[in-house]
Amino acid sequence: MTGFRCTVIFCAIIIAHAQEVPVPPRPQGYVYAYSQSNNLTDLQLDAFFDPLCPDSKQAFPTLLQVANHYGPDVLTLRLHMFPLPYHRNSFLASMGTEAVYQLTSSPSAVFDWVAKIYDNIYPLSNAPTKHMSETDVTNMLGDIAAQLGIQKSQFLHKMADAWVDMNIRMDWKYGCTRGVSGTPLYAINGVVKVIDKAWSLTDWIGVLDPLVRKSYVFHVPN
């Protein structure tokens, strides 16, 4: 009975905390590309990545291969920032993702930014920046944004915007409600799946192709 009571109390705490997650002004995450009709597809893939996580970096190119293989008329890829606390600068890099999104409103720019961050993952990691301030790291991120054609001054101004900070907090909290505790983690049509970082495009096709066929059968008129 004691164990049962502890379980009930634990569940009550989880529910109470879940109710504290604010409703975001837009759906969380960054869509890779929209279909020609500008609608979401039946097959949806949510990816929870930490911008300074080596495992996320390894999985990122394959994730884009998956999106490009199926195309936006078949699969909607949505990338979520989930900064892990033991990657010191991950929250700032995640804020940079939101800053780029707000400055460009371009899905491709967001994913180009993430790719650039992974290219610079070591200089932004814990050891090389252990004597640097938050301002120093933010300036480094501004230099990376400039490589994408974004004015550094505009980027730094946006990084000071409270809504940029808040949107990343909301995306992180959303990930928590989905049970995310590490990265990379995926949800296929809302079902959370732990998938090995070394998965190839072929591995993904083995999981996604049957869902595409089922979706097609479901929509065939009688």
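## Helices H4 and H5

H4 passes H5 in a right-handed crossing. This is a predicted model. Helix H4 covers residues 107-119 and helix H5 covers residues 134-147; their axes lie 10 Å apart and form an angle of about 125 degrees. That angle makes H4 oblique to H5, because angles over 145 degrees would count as roughly antiparallel and those from 65 to 115 as roughly perpendicular.

On the H4 side, the contact is made by Trp 113, Lys 116 and Ile 117. Their counterparts in H5 are Leu 141, Ile 144, Ala 145 and Gln 147. By class, the residues of this contact comprise five nonpolar, one polar and one charged.

## Lys 57 in helix H2

Lys 57 belongs to helix H2, which spans residues 54-70. Its relative accessibility is 35%, so Lys 57 counts as partly exposed, since the partly exposed class lies between under 20% (buried) and over 50% (exposed).

With neighbours within four places in sequence set aside, Lys 57 is in contact with Tyr 118 and Ile 121. Lys 57 can also be placed relative to Pro 184: 127 residues separate the two in sequence, while their C-alpha atoms are 8.8 Å apart in space.

## Asn 167 in helix H7

Helix H7 runs over residues 162-177 and includes Asn 167. Is Asn 167 buried or exposed? Its relative accessibility is 8%, so Asn 167 counts as buried; the cut-off for that class is under 20%.

Which residues does Asn 167 touch, apart from those up to four places away in sequence? They are Pro 25, Arg 26 and Gln 28, together with Glu 98 and Gln 102.

## The chain as a whole

The protein chain contains eight helices and five strands. Read from the N terminus, their order is α-β-β-α-β-α-α-α-α-α-β-β-α.

The protein chain has 222 residues, of which 39% are buried. Asn 167, at 8% relative accessibility, is one of the buried residues. Among contacts in the protein chain with a separation of 6 or more, 78% are between residues 24 or more positions apart. The accessible surface amounts to about 12100 Å², and carbon and sulfur atoms account for 58% of that area.

Terms used:
Residues are numbered from 1 along each chain as its sequence is written. This is a predicted model: local features need pLDDT of at least 70, side-chain atom pairs count only at pLDDT 80 or more; totals for chains, interfaces and linings use all residues. Side-chain values use heavy atoms; hydrogens and water are left out. Helices (H or I, at least four residues) and strands (E, at least two) are DSSP runs, numbered from the N terminus. Buried means under 20% relative accessible area, exposed over 50%, partly exposed in between (1.4 Å probe, protein chains only). Contact means heavy atoms within 4.5 Å. Accessible areas come from the Shrake-Rupley method with a 1.4 Å probe; for residues, only the protein chains shown count as cover. Axes are lines fitted to C-alpha atoms, for helices over the stretch in contact, and angles run from 0 to 180 degrees between N-to-C directions. Angles under 35 degrees count as roughly parallel, over 145 as roughly antiparallel, 65 to 115 as roughly perpendicular and the rest as oblique. A crossing is left-handed if the near helix is turned anticlockwise from the far one by less than a right angle, and right-handed if clockwise. Ala, Val, Leu, Ile, Met, Phe, Trp, Tyr, Cys and Pro count as nonpolar, Asp, Glu, Lys and Arg as charged, and the others, Gly among them, as polar.
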